[in-house]
Amino acid sequence: MKYSIKIIPRTLHFKQPAGTSRGVYRTRQVWYLLLTEDGREGYGVGECAPLPDLSCDARPDYGQVLAGICRAFEEEGRIDYEALRPYPSMLFGLETALLHLQAGSVRFFRTPFAAGQAGIPINGLIWMGNFEEMARRLEEKMRLGFRCIKVKIGAIDFDREVELLERVRQRFSPSEVELRVDANGAFRPADARQKLETLSRFHLHSIEQPIRAGQWKEMAALCADAPFPIALDEELIGVNDSARKAELLDTIRPQYIILKPSLHGGLHGAKEWIDLAEARGIGYWITSALESNVGLNAIAQWTATLRPQMPQGLGTGLLFTDNVDYPLHIEGDCLWCRGDATEPDLPGYLR
């Protein structure tokens, strides 16, 4: 049997600007892979979605490198996981296209989530913005019934961000609403400990990446003495070798790691991170990374096989005006898959 892959670039448009530590996103460049196999009915679609200035494989010649990887897969008929370690977003697109083809459905695995019988708990995400914007978004998430809210901090004055968190705690106790914050490396090592102490009075679940990545010694000191748990995110990007992953975890000893398959090695690499973390008593959760519904669905279908107990970060695929319609929806504080919905017309969408 022989595989064939068609690469389809697409620019997606956000419903509203998405503020991050690396600026504001209004559009999103992705590459879809349409995979077919001689002698097999159907197709598989995967999404390659590198984030500029963040993904280790975001490069000017992304399209050309992706084309070479797809040609190698067509010729060999298998995924060379070792060769693709430096290209996590490309690996993610390829491996999820293959899962889709093999399953014959966007419901990759037989799980209660895929059957529409159970939702995956998710956090409500508060994007960076000015105080008024963030406060309005926060009120909306609480009104929708989210029991876990993640607030991105580091973009406005720290005292104003503290005021925002105080607003939540004035209305909701820690048992009613779990609060997570994501600093995206905004704190300086010199004042990070003091800021963590200030934040600790809000009984936070965790803080993501308080200082910028690459400062293993400083991050290890924070994790060893933090007043509440620290989770690593950007720290994991570009750490693709298994031995190096183990070294990072053994050195820093975080309480949690946060895994985005498009950034952290595809599904294959993310599972490697999970196995290494669990062996060390380190917790984890899964998030999407501004993929469209194609990528979000793939991550959610896989996450469901892990039987997650804590809220995951899987709401971001619903952000685009020109998204493909998938049997995904958010109800309350869970992501659901409609078990009886028809399959999306992906070839029609990709034309």
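Let's start with a network of salt bridges that links Glu82, Arg85, Lys245 and Glu272. By salt bridge I mean a side-chain nitrogen of Lys or Arg within 4 Å of a carboxyl oxygen of Asp or Glu. Please keep in mind that this is a predicted model, where local features need pLDDT of at least 70, side-chain atom pairs count only at pLDDT 80 or more, and totals for chains, interfaces and linings use all residues. Residues are numbered from 1 along each chain as its sequence is written, and side-chain values use heavy atoms, with hydrogens and water left out.

Between Glu82 and Arg85, the closest N and O atoms are 3.1 Å apart. Are these two partners buried or exposed? Glu82 is exposed, at 53% relative accessibility, while Arg85 is buried, at 15%. Here buried means under 20% relative accessible area, exposed means over 50%, and partly exposed is in between, with a 1.4 Å probe and protein chains only.

In helix 5, residues 189-200, Arg193 and Glu197 are four residues apart, so about one helical turn separates them. Their salt bridge brings the closest N and O atoms to 2.4 Å. Arg193 is partly exposed at 26%, and Glu197 is partly exposed too, at 40%.

Now helix 7, residues 242-252, where Arg244 and Glu247 are three residues apart, about one turn of the helix. Their closest N and O atoms are 3.0 Å apart. Glu247 is partly exposed at 38%, as is Arg244 at 39%.

Next, a lysine in a strand. Lys150 lies in strand 6, residues 148-152, and is buried, with a relative accessible area of 8%. Which residues does Lys150 contact, leaving aside neighbours within four places in sequence? Among them are Asn123, Arg180, Asp182 and Glu208, where contact means heavy atoms within 4.5 Å.

Three strands form an open, antiparallel sheet in the order 4-13-12; two strands pair if DSSP finds at least two bridges between them. Strand 4 (120-121) and strand 12 (328-331) are at the edges with a single partner strand each, so one side of each has no neighbour in the sheet. Two bridges join strand 4 to strand 13, residues 334-337, and Pro121 stands opposite Cys334 in strand 13.
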